[in-house]
There are 2 protein chains.
Amino acid sequence: MELPSKLIEAAVDQMSSLPGVGRKTALRLVLNMLGRSEEQVEAFSEAFLHMKKGIHACTQCHNLTEAEVCSICLDPARQGNLVCIVEDIRDLLALEATGQYRGKYHVLGGVISPMDGIGPHDLNIASLMQRLELLNTTPEKDKVEVIFALPATMEGETTAFYVFRKLAPLTVEVTAIARGLAVGEDLQHADEATLVQSLRQRLPYTN
Amino acid sequence: MELPSKLIEAAVDQMSSLPGVGRKTALRLVLNMLGRSEEQVEAFSEAFLHMKKGIHACTQCHNLTEAEVCSICLDPARQGNLVCIVEDIRDLLALEATGQYRGKYHVLGGVISPMDGIGPHDLNIASLMQRLELLNTTPEKDKVEVIFALPATMEGETTAFYVFRKLAPLTVEVTAIARGLAVGEDLQHADEATLVQSLRQRLPYTN
């Protein structure tokens with residue numbers, strides 16, 4: 001579809017550069033934008049510029065932060081000997097939203113996926129090892145626990161296994177979040193692999 | 001979900017102000033944006049600002065244009081006595097993409113929809129009447145044709161009927177684009193109303 005102006009063309013190009021936004025949707029969004037006041041369009045544009053300029057990866061855990069180290073890493077009330085490994089920021093936010101986890105995180109920034117050309121060196125694994133090696137020199141090293149909270153996919157499993165092997169020389173307990181029936185789900189709609197996992201990971205029944 | 005920074009919060013707010021973009025999707029898009037270089041984010045932001053500053057509605061037909069009057073209205077090769085009435089710019093673009101229409105357009109900027117609080121006075125009907133009244137003073141007034149290319153919905157029909165009544169005092173032929181079986185569609189999957197229209201609007205068979 002030929003657009004009536006290079007300016008609109010450029011805006012549609014930019015909008016459709018967003019993942020999952022095709023050119024038709026992009027045009028719809030761009031026309032919506034044209035219907036706004038100049039102040040509103042400025043506010044829209046500036047929000048991304050300000051964010052890009054003000055937000056960095058936490059130098060410790062790669063969470064997003066306006067400072068050098070993120071508020072979770074700095075929080076003295078959170079257990080430093082508990083490190084939850086997640087694929088990306090959204091997973092961290094999902095766990096934080098539960099309000100139940102009081103340890104720290106390490107954001108890998110992806111999972112190993114040869115199909116997409118993502119190898120271990122593209123992930124934040126070196127910084128994870130540094131953190132854990134440092135923890136291993138502390139007197140509480142026996143209590144260090146690494147929790148894998150990675151996606152239940154082939155890539156997630158591969159990544160967990162790769163990191164697990166790297167952790168072998170260290171004195172750390174390694175756990176992974178449970179796989180099983182989702183809360184509210186019934187057995188007949190669960191897939192087989194999930195049911196097998198839920199059986200294998202069965203627990204003593206408590207009330 | 002609580003976000004780790006006000007800057008990200010603001011970006012997510014803006015992204016989710018786009019129609020059809022929820023907060024979860026907005027967060028995904030905003031994190032994608034954070035993964036880009038500062039130059040890329042600038043290019044993204046500036047595209048919308050430049051567009052907003054440079055694009056106006058054509059004073060004649062309400063198409064989008066960088067000048068005062070759009071290239072379609074200015075094109076001497078297009079028939080000025082053929083005015084196709086469309087709901088919005090995207091409909092105009094869809095018709096232009098066929099490359100088969102050589103007349104001009106009038107973009108109403110919506111359809112009459114009491115449910116959404118949109119009445120005739122919110123649409124570009126006054127300017128349409130002005131254009132047509134002017135055409136009615138020319139020697140070729142007998143050849144003026146108004147083509148309704150409005151959506152096949154209750155609102156589209158209402159709008160067409162409203163404009164049709166307004167056109168009564170003028171010497172103009174009024175037509176509407178055909179309703180019928182879509183190309184590539186089979187009868188058993190077409191809805192009843194469409195089949196009825198396709199029967200009513202049947203044409204002499206030619207090869």
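**Close-up views of a predicted two-chain model**

View 1. Setting aside residues up to four places away in sequence, Ile85(B) touches His106(B), Leu108(B), Val146(B), Ile147(B), Phe148(B), Ala149(B), Leu150(B) and Val163(B). The structure shown here and in the views that follow is a predicted model.

**View 2. The side of chain A that touches chain B.** Between the two chains, 43 residues of chain A are in contact with 43 residues of chain B. On chain A, the elements α1 (6-15), α2 (23-34), α3 (38-54), β2 (64-65) and α5 (89-98) each supply at least two residues of the side that touches chain B, and the largest share of that side, 14 residues, comes from α3(A). Sorted by class, this side of chain A has 26 nonpolar, nine polar and eight charged residues.

**View 3. Helix α3 of chain B and what its buried residues pack against.** Helix α3 of chain B, residues 38-54, has 17 residues and reaches 24 Å from its first C-alpha to its last, which is close to the 24 Å expected at 1.5 Å a residue. The buried residues of α3(B) are Val41(B), Phe44(B), Ser45(B), Ala47(B), Phe48(B), Met51(B) and Lys52(B). An α-helix has 3.6 residues a turn, so residues three or four places apart point the same way. The buried residues of α3(B) pack against α1, α2 and α3 of chain A, together with α2 (23-34) of chain B.

**View 4. Parallel strands β3, β5 and β6 of chain A.** Strand β3 (residues 79-86) of chain A runs parallel to strand β5 (residues 145-149) of chain A, and five bridges join these strands; within β5(A), Ala149(A) stands opposite Val86(A). β5(A) also pairs in the parallel sense with strand β6 (residues 173-176) of chain A, over four bridges, and here Val146(A) has Val174(A) in β6(A) as its bridge partner.

View 5. Thr158(A) is found in helix α7 (residues 154-167) of chain A, where Thr158(A) counts as partly exposed because 16 other C-beta atoms lie within 10 Å. Thr158(A) and Glu42(A) are 116 residues apart along the chain, and their C-alpha atoms are separated by 44 Å.

**View 6. Gln197(A) in helix α8.** Gln197(A) lies in helix α8 (residues 192-200) of chain A and is partly exposed, with 17 other C-beta atoms within 10 Å. Apart from neighbours within four places in sequence, Gln197(A) is in contact with Arg179(A) and Gly180(A), whereas Leu74(A), 123 residues apart from Gln197(A) in sequence, is 36 Å apart from Gln197(A) in space, C-alpha to C-alpha.

View 7. Most residues other than glycine have a negative phi. His62(A), by contrast, has a positive phi near 70°, and lies in the loop between β1 (56-57) and β2 of chain A. His62(A) counts as buried because 23 C-beta neighbours lie inside 10 Å. In chain B, phi of His62(B) is also positive and near 70°; His62(B) lies in the loop between β1 (56-57) and β2 (64-65) of chain B, and is buried, with 23 other C-beta atoms within 10 Å.

Terms used
Residues are numbered from 1 along each chain as its sequence is written. Chains are lettered from A and ligands numbered from 1 in the order in which they are written. This is a predicted model: local features need pLDDT of at least 70, side-chain atom pairs count only at pLDDT 80 or more; totals for chains, interfaces and linings use all residues. Two residues are in contact if their C-beta atoms, placed from the backbone, lie within 7 Å. Ala, Val, Leu, Ile, Met, Phe, Trp, Tyr, Cys and Pro count as nonpolar, Asp, Glu, Lys and Arg as charged, and the others, Gly among them, as polar. The expected span of a helix is 1.5 Å times one less than its number of residues. A residue is buried if 20 or more other C-beta atoms lie within 10 Å of its own, exposed if 12 or fewer, and partly exposed in between; C-beta atoms are placed from the backbone. Two strands pair if DSSP finds at least two bridges between them.
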